[in-house]
Amino acid sequence: MPPEPVMSREAVSAFLDEVFPQIHHGGPGPVVEAVGPLTATMRLPYHERHLRPGGTISGPAMMGLADVALYVAVLASLGPVPLAVTTNLSFNFMRKPGPRDLIGEARLMKLGRQLAVGEVLIRSEGESELVCHATGTYAIPPR
């Protein structure tokens, strides 16, 4: 069974606000909805800041949501490790998101001493079909 998180949703949110305040610049940024054993759920509010022509949430906004969701899963699992960095991200855009918030569900598939590997499933709020599937790797600095 995966280990319980060492940081709560509130603690991770406060940590992000402290070390990553620019995440909210220009409008609402991603919101930590929940953390669990090797998991994190994030919300990206539907806002004009995230839209592309045609009124849909842009690919770069979904990419940012996936990246921060994996980071939050790593933080919740290991504690405040500000220098954990993305080393790889891969995206499959499946369909156009609806005009509503996006929900990203991250799951770490491997959490080692030096690397964390995970995936993020992104859906429009209230929908079951994926709009994006992402996989990523984070490098964990020596502690």
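Predicted model: local features only at pLDDT ≥ 70, side-chain atom pairs only at ≥ 80, totals over all residues.
The model contains an open sheet of 6 strands, which are arranged in the order S1-S2-S4-S5-S6-S3 and paired in the antiparallel sense. At its edges stand strand S1, covering residues 31-36, and strand S3, covering residues 85-93, each of which pairs on one side only. On average, and with direction ignored, neighbouring strands of this sheet are turned by 20° against each other. As a general point, the strands of a sheet pair through backbone hydrogen bonds, and this pairing may be either parallel or antiparallel.

Strand S1 pairs with strand S2, which is made of residues 39-44, in the antiparallel sense over 5 bridges. Within this pairing, Val 32 stands opposite Met 42 of S2, while Gly 36 has Thr 39 in S2 as its bridge partner. The hairpin formed by S1 and S2 has 2 residues between the strands, and in this hairpin Leu 38 takes a positive phi near 60°.

Strand S2 is also joined to S4, by 6 bridges, and these two strands run antiparallel. Here Arg 43 stands opposite Ile 103, a residue of S4.

## Helix H2 on the sheet

Helix H2, which spans residues 59-78, packs on the sheet and touches S1, S2 and S3 as well as strand S4 (102-111), strand S5 (115-124) and strand S6 (130-139). The direction of H2 makes about 45° with that of S4.

## Helix H1 against helix H2

Helix H1, formed by residues 9-19, packs with H2 at an angle of about 120°, and the axes of the two helices are 10 Å apart. Because of that angle, H1 is oblique to H2. The crossing in which H1 passes H2 is right-handed.

On the side of H1 the contact is made by Val 12, Phe 15 and Leu 16, and on the side of H2 by Val 68, Tyr 71, Val 72, Leu 75 and Ala 76. The residues of this contact comprise 8 nonpolar ones, with no polar and no charged residues.

## The surroundings of His 133

His 133 lies in strand S6, and its side chain is joined to that of Glu 119 by a polar contact of 2.9 Å. When neighbours within four places in sequence are left aside, His 133 is in contact with Ser 90, Phe 91, Asn 92 and Met 94, and also with Glu 119, Val 120 and Leu 121.

Note on methods:
Residues numbered from 1 in each chain as written. Heavy atoms only, no water. Pairing = 2+ DSSP bridges. Helix = DSSP H or I, 4+ residues; strand = E, 2+ residues; numbered from the N terminus. Axes fitted to C-alpha atoms, helices over the stretch in contact; angles between N-to-C directions. Contact = heavy atoms within 4.5 Å. Polar contact = N/O pair within 3.5 Å; in protein donor to acceptor, adjacent residues only side chain to side chain. Parallel < 35°, antiparallel > 145°, perpendicular 65-115°, else oblique. Left-handed = near helix turned anticlockwise from the far one by under 90°. Nonpolar A, V, L, I, M, F, W, Y, C, P; charged D, E, K, R; others polar.
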